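Visitor: I have a structure to get through today. Can you show it and take my questions as they come?

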Amino acid sequence: MIRKIATALFTFVLSAATVLAGGPENAVVVINSESASSKLVANHYISLRRIPGRNVIYLSGIADQESIPIGDFRQKVLKPIFETIEKRGLSNHIDYVIYSSGFPTVIDANEDRLKLLAGGNAGAAMVANSKVYAPQVAVTAATFLFRKIIAEDPTYALLNANTYMRNDARTLLTNPFVGTDAATFRKALAGTRTEGFDESIKLLESLAEKHPLQVAVSYWLARTWAWKGEVEPATTWLKRAIAAGWCYRDYTQSDTAFAELADDAALQSTLEMMPNLPFRYAPTLGFRSAYFWGPNGMVNSTPDQGNQYVLSTMLGVNRNQGNTEQETLQYLMRSIAADGTRPKGTFYFTKTADLRTTTRAPGFDDAIDELRLAGFRGEIITTVLPNVRKDVAGLCIGSGGFDWGKSNSQILPGAICENFTSYGGTLKAGVPQTKLTEFLRFGAAGSSGTVTEPFALQSKFPHPRIQVHYARGCTLAESFYQSVAGPFQLLIVGDALCRPWAQIPVVAITGDLKRDVEVKGELNVQMDTSNSPVPIRGIDLFLDDHLVRRIAGPDNGTFKIDTTTMPDGYHEFRFVPIAASAIATRGLTLIPFAVNNEGRQVDLSITSPVWGIDDKLS
């Protein structure tokens, strides 16, 4: 019925808008129907996070144990999840797959390894190197890498398998494509060196039409038009690059391509619009599963030009060396309450003589510098844990064992705290080293650990800039996956949607549509975004958990809803404003209401106000 009424419901025309991650509408929660713990944790989370009912998936036939063979994982877990998403019509906006407790955390991929070794193909050399590929895969990582796991493509184990990772900024302008598009791009760039600008522009514009969000194409078009001395198209394409995430004002101002236009007022105005970050790393970006993340970490539009992922975490692990159910509910409630609170604290980075810290230490200064530019404080400490610090907003450490309780430090709500060590995510009984669950026990919103010996490979662990992405307003899951190049062994546990430092957009709804009010006939509804703390790029409208419209840009006008096309009874509208930023944070105004066009009512009466415990009701 909902699908039939969607087109008749609104009496105004809406255009398409980009939908990005960060809200409950974008997440599915997966429950093990045979685990009481899984249902308990999920039901609390679904209620508190306001996850739509259609976004809840129950699976059966899965033992609540540590490990599952990869073949069973494909058939019993991964394929049913994505088949259900497709069947329910959710594919156009689901960006997160969040597991409740009660699922295996380790996938035994030895059968993949044996097939590759027997086949003698290109993957054999990779899997033969046990320091890179031990055949244990984390359930959250295997879900993130779902395309390759389902296809039995062994490159899920490569140390650069995740192109959503924010890598070196120098690759942004040099490596956006593969195959024929890469050849076209190289030809266009070669033309600029010989001043064949017209041909280069033609080639680049063909790529821009095909991949409108690829920042390398927009920026090279701006440069090429500038070399021609054409300020208007140069400025237009530079604005396109900024919209796609380009954020390096100093770098652009020093770019000799724009030297002859440096005094132009329009160009200077465009440069002033541009954020001014160091030209060191690819920009922080909000995630969308519909995107194909290209070799340079930016967005392409076709599957042959990038990788497709879905963000994934596990809400909790309640067996062996995991957390209790009570601990799990406590840290989830704490993280949900932290959204948008922008807690004041310090991001700590541990540097000791331990190899576990020195491996990541080269990234500490850059992370602290970027935090400072964003208005936050980072600090390098030389002890295993921060001692007597009551302001732990985030933490990156490296230690085989620690006792957080003895540190007398306090984790602030929403914090990501994680440890670079071998067995932090190996939660079965008897395995040494302090587990990721220790941080969760003391109130962290999320943590991670590898499910097997990873060796001291930075690519398998979060880069220190995980805290930078988080402080800029990304969700917990976005922050993790922008920071791990080779995540296949990394288990991530916590609230994927937590976003303490997000600036959350707001839309107010006035007129005839009010919370918990009975309505009928035609309604006049006003959307007002004037009090939003951040500019809005669009608004998504959901009716009874179905995405029915996408509005481009902020909309402060009145529109009409014809309730006669809707069945009488309870309904819900979700108005989801999307921030006009590279992260595209989402807000939510939820309005439950009742339609009664037929004038029906139910009267209840009782013959006696008192009933005995043994009385029969008839």
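Guide: Val384 counts as partly exposed because its relative accessibility is 36%; buried means under 20% relative accessible area, exposed over 50%, and partly exposed in between (1.4 Å probe, protein chains only). This is a predicted model, where local features need pLDDT of at least 70, side-chain atom pairs count only at pLDDT 80 or more, and totals for chains, interfaces and linings use all residues. Residues are numbered from 1 along each chain as its sequence is written, and side-chain values use heavy atoms, with hydrogens and water left out.

Visitor: Where is Val384, then?

Guide: Val384 lies in the loop between strand 11 (377–381) and strand 12 (392–397). Helices (H or I, at least four residues) and strands (E, at least two) are DSSP runs, numbered from the N terminus.

Visitor: And what is Val384 in contact with?

Guide: Contact means heavy atoms within 4.5 Å. Neighbours within four places in sequence aside, Val384 is in contact with Thr350, Thr352, Ile397, Ser399 and Phe402.

Visitor: New topic. Which residues of helix 9 are buried?

Guide: In helix 9, Phe197, Ser200, Ile201, Leu203, Leu204, Leu207 and Ala208 are buried. Down the axis of helix 9, these fall within an arc of 170 degrees, so they line one face of the helix; the arc is that of the directions from the helix axis to the C-beta atoms.

Visitor: What covers them?

Guide: The cover over the buried residues of helix 9 includes helix 8 (179–193), helix 10 (215–227) and helix 11 (231–243).

Visitor: Which exposed residues are on the face turned away?

Guide: Asp198, Lys202 and Glu209 are the exposed residues on the face of helix 9 turned away from its buried side.
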